[in-house]
Every structure is written in C-alpha cells, then in structure tokens.
Amino acid sequence: MATDRSYRQLKNIQDDDFSDEENNAFAPLAGHQQQSSGGGGTTTFRGGKRSQSTVRSCGRGRSTCIVFAALILVLAIAVVSSFARPRCSRDVGSTTNIYTTVAQQTTKPPPINPTPSPWPWNSVRLPTDVIPTSYRIFLHPNLTTYDVTGSVIINAMVQNPTKLLVLHAKNMTLSKVEVLDASKQSIPLDKYVLNEKLEQADIVFVNEIEGEIEICINFTYVLNDGLAGFYRSTYVDENGVTKTIATTQFEASDARAAFPCFDEPGFKATFELNMVREPQYHTLFNMPLVSTTSSSDNLEVDVFEKSLNMSTYLVAFVVSEFENKTSTIRDGLKIGVHAPGRQIDEMDLAFEVLNKTIQFYEDYFGVAYPLPKQDMVAIPDFSAGAMENWGLITYRQVDVLYKEHVTTLQQQQRISIVVTHELAHQWFGNLVTMKWWNDLWLNEGFASYVEYVGTDNWNKDWHMMDQFILYATHTAMAMDCLESSHPISVNVQEPSQIAAVFDAISYDKGASIIRMLEAYLGKEKFLSGLKRYLNKHEYGNADSDDLWKALSNQDDGGEVKKMMDTWTIQQGYPVVTMSRDNEKITISQKQFLLKDGYTPEKKSLWVIPLTYIDDSGKKNSTVIQNDDQGSTIEIASSVKWFKGNLEQAGFYRVNYTENNWNSLSDQLSTDHTVFTPADRASLIDDAHYLARAGMLDYNITLNLGSYIANDDDYVPISTLLARFRYIGVMLQKTGDYLLYKKYMWKILTTWKNKLNWNEKKEDSHLTKFLRVSVLSLAVELGHESAIAEAIVIFNDWKNNNVSFDVNLKYPVYCAAARNGFESDWEFLWDRYQTTKVVSEKTVIMSALGCTTDISILYRYLDSVFDDSVRLQDIGQVIGSVAANPIGARPAWLFLMKNWDTFLQKLGSTSFSFGNIISSCTSSIASNIEYKEAKQFFDDHSDAGSGTREISKALEKMELNVKWLTKNKKTIRKWFFSQIN
Ligand code: BES
Ligand code: ZN
C-alpha cells in the first residue's frame, strides 16, 4: 500500500478507480511546504551515549525483584549467589553471560511439539482465564550473527482456576518455561507445547492454578529480514560502511515473534525492557532510558522506565547507531528524532510537525499527552508507511525524510499527513484501544480523519478538507460499491485476516463516516463527545458502541448509534434518488453497487443525513430514515436546479432526474464557481459512477464534465482525470485508445498552456499540485509537446546541470524514460542505485516504469528479486510497470510466473501483496484474459494477507469486461464528437 500510494502520489493523481481504492487505502499522497522551523532549543546528539545515572529501584515482591536485578547484574559483575527458593531464571547465577546461561538450562525442558494432537487449546483467540498485568523483557540481539537470546517475566492474575495457560509465541525456541505462584514457588508443569499453526504456547499444569502468578520464559530466535517482529534493517553510512540495526514492527500480530506474550489488543499491561547490546549501539524504547550498565565482556545493558498500561502491538524498540535531535517542550515533555547520521538533518520537517501538532492535539482532544517523551525514527527497511508505537513512532524513510530542493511538494504533504496521523493514534489507538481487531476502524478511521485536521492546523492554505474527499471519500466509495467489499466492523480472527482489514474501508470509509457524523452533530458536540470517550476509556479498550455512547451522551447510544450502526455494520453505501415533480422532490434510497441491475439478496437501508442546496443558494437538510418509507420535500417552482450532499460530506451518492442533471450541467458550463470545488468534484464523481452502474446515461455524464477546461481547481479536475483514467485503462488494449488519447491531449493542452513548466511564486499549493498532475498525465499519454519540452529540461539538467522545479521531477524523468534514449533510462537507473536521498529514489522508481521499451520493462521487473530493490519497494516497482499500458501485460505475466516467490516474500505483510495483485489485474478487460486470471487464481487461492484482494480483483475484472462491451460504442461516439 504504502508503496503504491507513493507511486500515485508522484503522479499526483488518482489511478483508475479500480486501483485507487487500495492505492489510496492510506490517505493522501500529497505534500507540504516549507515552514519556518519551530522546535526551539533543538540539539543534536551524536553517538548515542546517554545518561547512566539513575538506577531504578524495584518496587515489587522481594524475590522477583532480586531475580530482575540479578539478570542485569550478572552482565556487569558476573556474580550472583544461588537463591534459597525457586524463582524465575534461577540459573542465571553463573559467570557467563546470562543469555548463554539461559540457553544451557539444567532443568530439562519438556519436548517441544511432541506431535500432540489434539492441542490442549484449539482456538486462535486466547482463553481469558489468565490476564497479564506486567512484563519484564530481557533481550540480547547479536547484530553480527543475528541470534537473539531473551527472557520474559510476565506477572499475571488467574481469573478462573485452570490447568491450562495459553500465550502467544511465534518462530522461536523456548528453552525454559517456569511458572511461580504468589509465594514464588515453582508450580509443577505437566508439559508445554508450541502450536506453530496458532502461534501459541500451551502450558499445562499438574493441578489447577489460581491467584497471582509469574510466568518466566527463556527463548532464542533469529533476527529476521522480513520487516515484521524483531527484525534487521541495513543502510550504508557516510563512510560507505554497511550498518545493521535491529528494530520492531508488531502491529498487528507480531509482538509474539519478539517475546512470548498475550498478543491481543485487549490484554493491556505495563512493559519494562532490558536490552543487552554492544557498546557502539544504543537503544530506543517506548519509554525513557533509566540507566546503562557495562559488563566485563564488553556488552552494555540499557534499562528503561516502565510503560503505562498498553497493548502488545504498540511496544517497540530500536537498537542502532543512529544520530538524533532532541528538544524539550511543555513541562518536561521530551521530543526527539532519530536517523542514520547522514540523514539526521532530513528529520527537521517531521520534527517541526511533531512540535506543532502534539500540543494542538492536546487542546483538540482535551486530554494531555501522557508519556514523558515522544521519539520518531526513520527506518531504512519498513513495511508500512509508519507505525504509531506509543512514544516511539517508526517511519518508512520516504514518509519522514525531507530534503529541501530535492523532496517534492507532494512528498512534503505526505510527510505532514503521516506524522499527524501517527500522532493522532497516540490518543486514538494507544490511550484508548479497540477491544478487538473487528473495530480496527476506530484506530485507523479516526487517525485518517484527524491527520487532515492536524495538517490543516499548520497549513490553512493547503485546503486539506477539500483534498479529503479526493483521497479518502472517493477512494472508499470506489471500493465499497463492490460486492466483495466488507462492512467497517468485520469479523476477523486469524493474523492474515487481521492484516487484510488495513484497507480503504477501515481507513477511508472509517474517516469519511466520522467526517459525516461531525458535520451532522456539529463540531462542538463532536469534540466534547470525543473527550468523554477518551476520558472514560483511557488506558483501556473500547468498541464502536462505546464511541456512540460518548458522542450521544446517552447510555444506549441514542440517535447516534441508530444512525451509525447502519454505516458500520452494513457493507456498502446508498444512492439517494431525488426526483423532482414541480414543487415536490421525492426521495428514495437503495444500495449503490457497480453491478448493473443487480439486487443483492439482503436489502440494506441507511439513516442518511441528507443536505442539499438550490440555485438560490439556499441550504437545507433532513434525515432520511432506514424504514423504506421514502420521503418528500417541498421546493419552490422557481428553482432551476438543486444539488444533494453538500461538499460531499456524506458517504452516499445522489441521483436526479434527467432534467435536473441537465440544469446542473448548464450551470457548470455557464458559471461553475457557483459550486464549491468539493461540490463540483462530487457531481463529477457521482455522475461517472452512476453511469458505470448503468443508472445514468453516459452522454449526460460526459457532457457534465465538458466544462472542465474552464475549471482551474485541483480537486474537481483531479476527480475528473481519475474517472477518465479508468476509461483510458479500459480502452488501452483497443483501437479506441487513440481517440481517448486525442481527447485527453485536447483538454490537457488548455491547462498545460496556462500552467507551463515554470512554477510561479504566487501559485497556490493546489495549483502546484495541478501542474504536476496535468504534466504527468500529458507525458504518460504521449502528448507530443509536453514530452518534447520535458526532454529539453531533462537534457539540460543531465548534460549541463541546469536545475528545474523540484516538483516537476516525475514528469521530466518519466518523459526521458518513455521517449529518451536507452542511455537516458540507464542514467536514471544509475541514479536510482546511487542517490542518497530517499525521496529522489522514490520518484525515479516510478519514472523508470514509463519506458516504452518492453525489454527494459522486463529487465526492470527482474530487478525486484536482486539486491537493487529493497523488499519494501517491490510493490512500487511492479506498480509503476503495471500502470504503463505497455507494461500491464508483462507485469501480470511476471506475477504469475513468480507467484511462489512473491507469496513467500510478501504474503505475510499487510499491504504489498494485495496491491501487487490489484495493480497487475486492474487493466484486464477482455474475456479471454479474465478467464486466464480466473483459472490462475483458482489454482492459487492462497495469497496470505493478499487473499481478500483476489476476490476483489476477480469482481473488478468481470465488471471491466461488461463495461467495455456495454459502453464502448457510446464512449467512442462521444470522443469523436469532441475531437472533430
Ligand atoms: N497502524 C498503521 C501501520 C500499520 C498498518 C501497521 C498495517 C500494521 C499493518 C499506521 O498508523 C498507518 O496507518 N500508517 C499509514 C500512514 C497513514 C498516513 C495512513 C501507512 O502505513 O501508510
Ligand atoms: Zn494508522
């Protein structure tokens, strides 16, 4: 996802509707502008030596405390006397490193996995008889051999006496398991077994256990390179030396791969960390460092403050040689940024956004940020865009590193969006967490809404709320009109099912319905409800009903629940039909589905906050109930037109009788500025989708958009270009593609002439975006003068070092890759390999896919499995080839041919594989290719986290085939009429 999104971000335009749903799944691609820096008192801190003063005192049971201290002390002085009573890690008292000791347990562990069937526990969810309260984690990752040795001590309460204790453990060997009772006596074990499939350890006792217990487990595993759990990542430092770091990515279900734990969001507990490392490294954790102790064997141990009550998926630690900048804001709250030495200055923008946003959110949410610090780290290899670990946010580098004169405006805005998104999670998600992953939208939907509020806060002139419909609402609506969509609240159990719901529904539909509710309730009510929700559930868990209760301030959730249940429990969304008969408008609703004339088995109805405006400028609103009664409203006979769903704040489409569509169309051609940009975008979006669903004559839709060359606002123009992009993708393997191109060249020329290749100082943020969109699309579609001009700019830059506007990099590089010499492509490829600036690398990655030389495209595809492309970037390379009409088929063949490798490399990470499946199949629109794909997926139905994407891809291809058969003639005729 993150990869594909970055790709679209560069194009600064949505891809065709059928691929933008997932590409967009994680918000805007757009940028940011340079601001004067905040973050007063910023200091650079090199090298990573920190305070070693305060030694935290243990405040719990004596023997536990001794053991805990002993573990650390052993490293320092290697002398610990034997203990009188059984206790966790009792064998620690040797002169060797504790972790070697751990591996050489004298108590013989029961056999692991002695082919036990059935397992003592057979459910993917843990039993709730035992509840963890605190964890002490001890880890020693060896960054040379990649071996990790560790132990964990978990204090827990037995709620119901039981002989069985189940917790999670994945891809590790348990070398010792011991459980102590409240008086620190070892409880006799019958056996323990690892259930690899369920990623659980089952511990069976001889007798029932009860009361307080202490679970002590020693374990070993390998620091993996798969971007999940506790994994390794590498970069080359300023001296050309390859450096390794050890870092974590736990969401959704990989904390269990780093230490045995109760890895469900509902099991909140406190966490302490002791990290053993070589002296050149340092460690970051969710909480501040308390002390560092040296040992005689040239290792050091970092000890951290205990966390607040939190879920396992939010725990994080990073062992690295990164440099940092820190600063202290209001009463001792410490903020810091961390990156490889040569990149630390590129964190300045993110640092500034962090500084500006954290206190803004404290006011906005009405709840103080509760931790003593907030750090942000730029990780060289990272699966998602960023991860909101509490107090230690980790980022993919391109989503956080900003370099003036290199990073584009779209990338800048994206950085602001990502930072404000992850910061929003510190309240929504971290302080209050969903009870279970079925309510993931409470996390992601909320953060995906608030990221706009947070970014808007410091950039009023970016028009973030207008962009919202483009990147969130349109994206979500494009996916939610498919039968293969799913409700916001979705039943998920297995890790791969959980990974699959990090999609446009949880993010963009979630964000859109929150915006709809805010518009309905009013800002004040909305914010006071949020505050109630956060206060009531802080340090705990909540579900959707808890949110409705807080927002309505009623125990049963009142009207809010009644309305919102229809949006979260049901899949899809409605089309509201407003049919006018003189002074009366009759209103009805039905589910909007792309499948022409299809009526789903289950009839769905929504409670819809309907708003509308008429040509007198009068705004009105009403609520449509979900009782199928229909309703009517009065309208003056003098009214020429009316438009429903103001600013597209509602998650529904509106259809009208032909008369009204034609009057709206007339108004757009005479004076489009009567409508706001968001209203124009919403008319265009609705008209296109209604035509695709067979509910509106395509000629009406196309005519409605024919005013567009007079528009100069980014939001409606981007909407139209994205909807036309779909038409282009459908036609790209037909002779009519030429007609399509000619029409597009014609409309693009108008803006191209207005905007040109030179950015003007007075250009607004969105005008700058528009220029990039228009020129990029012109180049991609082979617009001759656009390409010729771009190649002049490219050659001047390449040969004579003449610089050009940084935001125009993508269209310039794309033109050179597309229509330049082979040596130009090679030049870009070399630059891709050698550039030290990640934002530059990312733009080039997209542009390399523009080539029209098929053998180069094959070569580019092949590169994803050699060392030249990082695992995290594979999706972007494939996406850039697949988006090229010439590359679409090669990309799909490449995916089929290498399916097993893709599955093995990407099948368990959340986004990439699904996005690759989507981008490689989205242009399939012929029956013969559909059948081939169907057969392929019948034979390869397991795609791990991408499995859900297969059914979506199949439905989309089927719709494409039907679309082309049905609409080809009409579209051809219309294009013909426009270009002659
Ligand atoms: N919590 C997610 C990261 C994540 C996603 C972890 C999927 C595990 C699986 C994070 O808050 C997120 O949503 N990041 C987005 C960026 C955001 C601006 C939409 C991303 O990764 O692109
Ligand atoms: Zn998020």
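## Overall build

Of the contacts in the protein with a separation of 6 or more, 73% join residues 24 or more positions apart. Contact here means heavy atoms within 4.5 Å. This is a predicted model, in which local features need pLDDT of at least 70, side-chain atom pairs count only at pLDDT 80 or more, and totals for chains, interfaces and linings use all residues. Residues are numbered from 1 along each chain as its sequence is written, ligands are numbered from 1 in the order in which they are written, and side-chain values use heavy atoms, with hydrogens and water left out.

The protein holds 30 helices and 27 strands. These are DSSP runs, numbered from the N terminus: helices are H or I with at least four residues, strands E with at least two. Of the 980 residues, 64% are buried. Buried means under 20% relative accessible area, exposed over 50%, and partly exposed in between (1.4 Å probe, protein chains only).

## The nonpolar core

The largest nonpolar core has 312 residues. Such a core is a set of buried Ala, Val, Leu, Ile, Met, Phe, Trp, Tyr and Cys residues joined through side-chain atoms within 4.5 Å. Phe259, Trp567 and Met578 touch the most other members. In soluble globular proteins, nonpolar side chains tend to be buried together.

## The zinc site

Which residues donate to the zinc ion (ligand 2)? The protein donors are His421 (NE2), His425 (NE2) and Glu444 (OE), lying 1.9 to 2.1 Å from the ion. Donors are N, O and S atoms within 2.8 Å of the metal (3.2 Å for Na, K and Ca); water is not among the atoms, so sites may look incomplete.

Along the chain, the donors follow the spacing H-x3-H-x18-E. Both histidines lie in helix α6 (residues 409-425), four residues apart, about one turn of the helix. Histidine 421 and histidine 425 are buried.

Aspartate 399 sits in the loop between β18 (392-396) and α6. Aspartate 399 is buried, with a relative accessible area of 1%. Leaving aside neighbours within four places in sequence, its contacts are Gly385, Arg414, Ile415 and Val418. Glutamine 412 is 13 residues away along the chain, and the two C-alpha atoms are separated by 8.4 Å.

## Tyrosine 858

Tyrosine 858 belongs to helix α24 (residues 854-862). With a relative accessible area of 35%, tyrosine 858 is partly exposed.
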